[in-house]
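Reader: Hello! I am new to this kind of model; could you show me how to read a few of its features?

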Amino acid sequence: MANKKNGQFTPPSGSNAATQPALANQGRPKRQVQPRHPALCVFFTTIGLVFFLLFLLPWQVHHRPGWSFPQSVKHDYRIYTGAVSSLFAAAHHTSDLLVPNDEQKSITPISHPNPISEFRPKMSTEQTFIAIKPDGVQRGLVGSIIARFENRGYKLVAIKLTTPGKAHLEQHYADLKDKPFFAGLVEYMNSGPICAMVWEGRDAVKTGRTLLGATNPLASAPGTIRGDFAIDVGRNVCHGSDSVENAKKEIALWFKEGEVVSWQSAQASWIYEKP
């Protein structure tokens, strides 16, 4: 047995040195670990937030030319909230996957729509056939005429420079074969290359005729293609479909299957307010 003298423990005689430290600690009270005060956690968290707002955000504003401090705060807040929402959504999705095998068979996968395609306007499928006649090609007006349609907002889906031949032109102007000027018209159209095009957009046929102007250039308003680039009716620069039905026939006559390209214009949402 250990002897206690003057508040200290004295190891009994005969005990070895290895047991002495253990016996000496028997009389000492055990140290209790005190829990950290919650106020300290709140304090250091507040300090971190203040440091972030006073130093990190101004630094980000400095590296964003033209940004104000409130704009940077809103921008970063959206990023952080989005990241947190993504984490919660991922955790929720993971928990949904941890279900028994017999219940997995009854789960129907949910298809999420593409947010970009939802707001992408559906383009009108109306198309019109526009041909720049040999006089327009010879005078170098192809680029200017294309610019008129592009600046208006229409989309070019087919174009080619061609010399179709007499038989093709007679078929194109078959509705005018009884007219006295038919032979001269075919000969004139066969005198040089023709730039054949297909333009697509809302009311493409009607608006395309408006862009061209009246058949007689002298009766065309200034600002129209014929009003700006032509004088004589026999050299009126271009041709345009006069109805949707005729546009379909002319496109099928001048272009083979696959030559008319279907594509989505990146400017569509800036041209059309509603699909």
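**A guided look at a few residues**

Author: V237 sits in the loop between helix 11 (225–229) and strand 6 (238–240); helices (H or I, at least four residues) and strands (E, at least two) are DSSP runs, numbered from the N terminus. Residues are numbered from 1 along each chain as its sequence is written. This is a predicted model, where local features need pLDDT of at least 70 and side-chain atom pairs pLDDT 80 or more, while totals for chains, interfaces and linings use all residues; side-chain values use heavy atoms, without hydrogens and water.

Reader: Is V237 buried or exposed?

Author: Buried means under 20% relative accessible area, exposed over 50%, and partly exposed in between (1.4 Å probe, protein chains only). V237 is buried, because its relative accessible area is 0%. V237 also has a positive phi of about 75 degrees, although it is not a glycine.

Reader: Which other residue has a positive phi without being glycine?

Author: One of them is D203, with phi near 50 degrees. D203 lies in the loop between strand 5 (194–200) and helix 10 (204–212). D203 counts as partly exposed because its relative accessibility is 43%.

Reader: What does the side chain of K133 make a polar contact with?

Author: A polar contact is a pair of N or O atoms within 3.5 Å; within protein, one must be able to donate a hydrogen and the other to accept it, and residues adjacent in sequence count only if both atoms are side-chain atoms. For K133, the partner is the side chain of N236, at 2.8 Å. K133 belongs to the loop between strand 3 (127–132) and helix 6 (134–138).
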